[in-house]
Amino acid sequence: MDNVLIIGAGAAGSVTAQKCAMNRDVFKKVHLASRRIESCEKVAKQCKTKIDISQVDADNVAATVKLLKKVKPDLVINMALPYQDLPIMDACLEAGVHYMDTANYEPRDEAKFTYKYQWPYHKKYKDKGLMAILGCGFDPGQSNIYCAYAQEFLFDEIDTIDIIDCNDGSHGKSFATNFNPEINLREVTQRGKYWKDGKWIEIDPLTISAMIDYPEVGPRKSYLIYHEEEESLVKNIKGLKQIRFWMTFSDNYIKHLDVLQSVGMTRIDPVMYKGNPVIPMEFLKELLPPPSSLGKGYTGKTSIGVIFRGRKNGKAKTTMIYNVCHHEQAYKETGAQAVSYTTGVPPVVGAMMLFKGAWTPPGGQKGGVFNVEQLPSKPFMDEIGKQGLPWHVKDIKISDQKELFAVKT
Ligand SMILES: NC(=O)c1ccc[n+]([C@@H]2O[C@H](COP(=O)([O-])OP(=O)(O)OC[C@H]3O[C@@H](n4cnc5c(N)ncnc54)[C@H](OP(=O)(O)O)[C@@H]3O)[C@@H](O)[C@H]2O)c1
């Protein structure tokens with residue numbers, strides 16, 4: 001296997017394409033397709049080696065199948081939007097191609113983050129001997145792989161997981177989102193949720209917060225939100241008692257979000273305007289800066305990790321695995337900011353794992369739909385640092401994260 005097709009030439013897809021084009025020992029053929037050919041042309045110019053490009057509307061299964069039959073890739077990396085997950089999965093099944101993505105499917109009219117639409121494809125993929133690898137970005141993605149690694153190598157039992165995500169960068173705009181605005185705002189305006197003692201507990205959006213001490217950044221106010229990897233991790237991390245996800249938002253971001261929400265600009269249902277139906281969130285997306293435009297002048301860093309509490313050899317243990325990524329370094333290498341970089345690099349390493357035979361279907365199965373924590377973590381962890389996202393393991397004390405552990409959930 002050496003032929004990859006990336007669909008989606010946006011902020012994160014641009015990083016994925018450029019990184020594949022830097023690793024020609026693994027990726028002999030690299031093809032990038034997107035809804036607009038201009039997006040592909042722009043990325044192709046940024047690539048260090050020549051890549052092929054095509055226009056495709058990935059909502060159209062027949063058009064995608066036609067492209068797959070022409071390009072004959074071994075794998076499609078879906079870097080378009082969550083709406084395209086199912087049509088691309090259908091096209092891959094029809095053309096006999098492995099599939100990978102970084103975010104779970106969402107219907108346009110319902111902002112619910114769930115694998116319930118993609119997991120049922122397991123049998124179809126298995127019967128065809130194909131793999132569909134879900135959630136191979138940073139979070140979900142690298143965060144899940146940290147969990148698999150901790151389960152296998154660092155702990156005998158894991159009781160609690162806190163995924164902590166801080167962007168301590170500054171893009172200099174009054175308001176912008178670091179990945180696709182529509183998807184980002186759908187994510188943060190949904191109700192919060194965490195999992196404890198076998199049950200999901202819902203909360204009003206952004207109503208629980210704590211100061212979390214982020215590596216190389218320091219204490220930052222972080223909000224408990226729901227994030228999709230929690231759904232697969234509660235299944236795949238054995239004996240887990242609680243999982244929570246925390247993300248930093250600046251006061252400025254929250255202020256803008258409050259206003260946009262209160263005037264109805266984040267609604268995802270149609271509103272009639274001059275006789276035409278308009279979806280406010282889709283219109284708002286057109287007004288906001290595209291995430292691919294934010295890289296220049298972006299300063300600061302992201303600090304994203306996972307904190308585990310559990311036991312090893314009968315002794316209580318609290319450990320953190322994390323990565324710090326600098327916006328300026330990401331921009332220098334790929335023209336992208338660190339959020340696109342941390343999203344775009346892990347699928348490249350995931351694709352390497354598939355192509356080199358390090359990721360095969362678990363349990364001797366022939367194929368199927370898998371979340372990344374179901375696949376071997378060690379070969380991924382050995383490679384990801386070399387590709388720009390080094391990770392660190394640190395044993396910590398409860399007192400190092402006083403506020404986080406004091407939050408009653
Ligand atoms: N797991 C993670 O850590 C993580 C983090 C952040 C984001 N993500 C995921 O990554 C996705 C991409 O984020 P981004 O910041 O790169 O967004 P983006 O810059 O808006 O890029 C999305 C791209 O999708 C393409 N696209 C949209 N509809 C398409 C269609 N029907 N057919 C073909 N291409 C289509 C667009 O193509 P054109 O430019 O050609 O119009 C656009 O370039 C996000 O939506 C999110 O789901 C994952």
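Pro140 is placed in the loop between β6 (131-134) and α6 (142-154), where helices (H or I, at least four residues) and strands (E, at least two) are DSSP runs, numbered from the N terminus. The peptide bond that joins Asp139 and Pro140 is cis, with omega at about 10 degrees. The structure described here is a predicted model, in which local features need pLDDT of at least 70 and side-chain atom pairs count only at pLDDT 80 or more, while totals for chains, interfaces and linings use all residues. Residues are numbered from 1 along each chain as its sequence is written.

The chain is divided into domain 1 (3-138 + 340-384) and domain 2 (142-334 + 390-406), with bounds that come from an automatic or database domain assignment. The C-alpha centres of domain 1 and domain 2 lie 23 Å apart. Across the boundary, 29 residues of domain 1 are in contact with 30 residues of domain 2, contact being counted if the C-beta atoms of two residues, placed from the backbone, lie within 7 Å. On the side of domain 1 that touches domain 2, the helices α1 (11-22), α12 (338-355) and α13 (377-384) each supply at least two residues. By class, this side of domain 1 has 15 nonpolar, 12 polar and 2 charged residues, where Ala, Val, Leu, Ile, Met, Phe, Trp, Tyr, Cys and Pro count as nonpolar, Asp, Glu, Lys and Arg as charged, and the others, Gly among them, as polar.

An open sheet is formed by 7 strands in the order β3-β2-β1-β4-β5-β6-β17, and the pairing is parallel; two strands are taken to pair if DSSP finds at least two bridges between them. Because β3 and β17 (368-371) stand at the edges, each with a single partner strand, one side of each is left without a neighbour in the sheet. Neighbouring strands of this sheet are turned by 20 degrees against each other on average, direction ignored; the axes are lines fitted to C-alpha atoms, for helices over the stretch in contact, and angles run from 0 to 180 degrees between N-to-C directions.

Two of the pairings in this sheet can be followed residue by residue. Strand β1 (residues 3-7) pairs with strand β4 (residues 75-78) in the parallel sense over 4 bridges, and Ile6 stands opposite Ile77 in β4. Strand β2 (residues 29-34) likewise pairs with strand β3 (residues 52-55) in the parallel sense, over 4 bridges, and Ser34 has Gln55 in β3 as its bridge partner. Between β2 and β3 the chain crosses through helix α2 (residues 37-46), and this β-α-β crossover is right-handed, a term used if, with the strands pointing away from the viewer, the path from the first strand over the helix to the second runs clockwise.

Strand β7 (residues 157-170) pairs in both senses. With strand β15 (residues 299-312) β7 runs antiparallel, joined by 13 bridges, and Thr160 stands opposite Arg309 in β15. With strand β12 (residues 242-248) β7 runs parallel, joined by 6 bridges, and Asp165 stands opposite Met247 in β12.

Positive phi values in residues other than glycine were also computed. Leu206, found in the loop between β9 (199-203) and β10 (209-214), has a phi near 55 degrees. Leu206 is partly exposed, because 18 other C-beta atoms lie within 10 Å; a residue is buried if 20 or more other C-beta atoms lie within 10 Å of its own, exposed if 12 or fewer, and partly exposed in between, with C-beta atoms placed from the backbone. Glu216, in the loop between β10 and β11 (218-225), has a phi near 65 degrees, and Glu216 is partly exposed, with 13 other C-beta atoms within 10 Å.

Glu152 lies in helix α6 and counts as exposed, with 11 C-beta neighbours inside 10 Å. Glu152 and Thr343 are 191 residues apart in sequence, and their C-alpha atoms are 24 Å apart in space. Glu403, found in helix α14 (residues 402-406), is partly exposed, with 14 other C-beta atoms within 10 Å. Leaving aside its neighbours within four places in sequence, Glu403 is in contact with Ala210 and Met211. From Gly363, by comparison, Glu403 is 40 residues apart in sequence and 40 Å apart in space, C-alpha to C-alpha.
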